[in-house]
Amino acid sequence: MTSVIEITGLRKEYRHLRGRSQVAVDGLDLEVPEGGVFGFLGPNGSGKTTTIRCLLGLARPTAGSCRLLGVPTPEQVGRVVRRVGAIVETPAFFPTMSGRRNLRLLARTEGIGARAADLALERVGLTERADDPVKAYSLGMRQRLGLAQALLKDPEVLILDEPANGLDPAGIKEIRELLRSLGDEGRTVFVSSHLLVEIEHTCDRVAILTRGRCVAAGPVAEVLERGHRSSLLVGVADLDAGLAALHDASIPATRNHTRLEVDLPPSEAARVSEALGRRDLWVTELRNDEVTLEDVFLELTSTRSVPEEAAR
């Protein structure tokens, strides 16, 4: 499988006054295969934006290497810049110009026709407001305009830092569908985000960062398996009687406020139902306790100790 992004041993250290230093990225290894949507996750301060800046040649690594479309960056980023679209932090535009004029100006500087700007605006759902001044745009609309800017060159690779920032639920859904469609076209969409539910429903693969290090990476299903509980949630009218019935049947279970949590895999559901039925306790709910990407994320990012360098 061809990798469009290759990061090896990436370290970025910022020096401050009086000799203090801060490690933003600490020995990061990452490969992003060609095609599809790749989610880059991590809490604030985990090194996501710094990694993206190093990858695009906007920051120079302290150590390690980055390759984008097979080209080392930042040294040779100019060779592939026309094949890559990016949003890094909040996009900047001329506030008194319209969104359309901003994009057409950018297109002209890139040697691209005005039609490309109109198509990009249409694709991100800004056609109706394209001729309004950018200063009248909401934060979410400016994010859409930034995404339109990233699409101007019809890129093979999109690198997007929090593209849904500031959007309302309807806007987030639209961006999700757009990113998914771009990935389905064969482009590689590399997206950093803290919207875990959206990432889970949008991405093919994910990587999770904490304190500048990758703690999990791979297809979404495989990453979810790391937090798989293999347990069941059971509902009955009388929870105390149900818990006693399961204990008498040597079935490990606990009670929460609304249901019983049974420490058995889904294949044992009939055994649970039978044990309750013998006591005339009829099941009102019986389902697998599914793990979410948020569960895995919180587990991986909250249990790691602070690296010695980052604690300084």
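**A strand pair and its sheet**

Student: Which residue is the bridge partner of Arg-255 in strand 13?
Tutor: That is Leu-260. Keep in mind that this is a predicted model.

Student: How many bridges join strand 12 and strand 13?
Tutor: Three bridges. The pairing is antiparallel, and strand 13 covers residues 260-262.

Student: What is the strand order in the sheet?
Tutor: The order is 12-13-11-14. It is an open sheet of four strands, with antiparallel pairing.

Student: Which strands stand at the edges?
Tutor: Strand 12 (253-255) and strand 14 (285-288). Each has a single partner strand, so one side of each is left without a neighbour in the sheet.

Student: And how much are neighbouring strands turned against each other?
Tutor: By 20° on average, with direction ignored.

Student: Which strands does helix 8 touch?
Tutor: Helix 8 (residues 239-248) packs on the sheet and touches strand 12 and strand 13. The direction of helix 8 makes about 165° with that of strand 12.

Student: What about helix 9, what does it touch?
Tutor: Helix 9 (residues 269-277) also packs on the sheet. Its contacts are with strand 11 (232-235), strand 13 and strand 14. The angle between the directions of helix 9 and strand 11 is about 25°.

Student: New topic: cavities. How many are there of 30 Å³ or more?
Tutor: One cavity. The largest cavity holds about 120 Å³ of space.

Student: Which residues are closest to its centre?
Tutor: Ala-164, Ile-175, Leu-179, Ser-193 and Glu-198. They belong to a lining of 13 residues.

Student: Which elements give two or more residues to that lining?
Tutor: Helix 5 (169-184), strand 8 (188-193) and helix 6 (196-202). Helix 5 has the largest share, with four residues.

Student: What classes of residue are in the lining?
Tutor: Eight are nonpolar, three are polar and two are charged.

Student: Now zoom out. How many helices and strands are in the protein chain?
Tutor: Ten helices and 14 strands.

Student: What box do the C-alpha atoms fill?
Tutor: Roughly 75 × 50 × 40 Å, along the principal axes.

Student: What share of the residues counts as buried?
Tutor: The chain has 312 residues, and 48% of them count as buried.

Student: Last one. What share of the contacts with a separation of 6 or more comes from residues 24 or more positions apart?
Tutor: In this chain, 67%.

Conventions:
Residues numbered from 1 in each chain as written. Predicted model: local features only at pLDDT ≥ 70, side-chain atom pairs only at ≥ 80, totals over all residues. Heavy atoms only, no water. 1 Å grid on protein atoms, 1.4 Å probe; cavity = no way out; pocket = protein on both sides within 12 Å on 5 of 7 lines; lining within 4 Å. Points joined across faces, edges and corners; volume = space filled by probe spheres on them. Nonpolar A, V, L, I, M, F, W, Y, C, P; charged D, E, K, R; others polar. Pairing = 2+ DSSP bridges. Axes fitted to C-alpha atoms, helices over the stretch in contact; angles between N-to-C directions. Contact = heavy atoms within 4.5 Å. Buried < 20%, exposed > 50% of the residue type's maximum accessible area, 1.4 Å probe, protein only.
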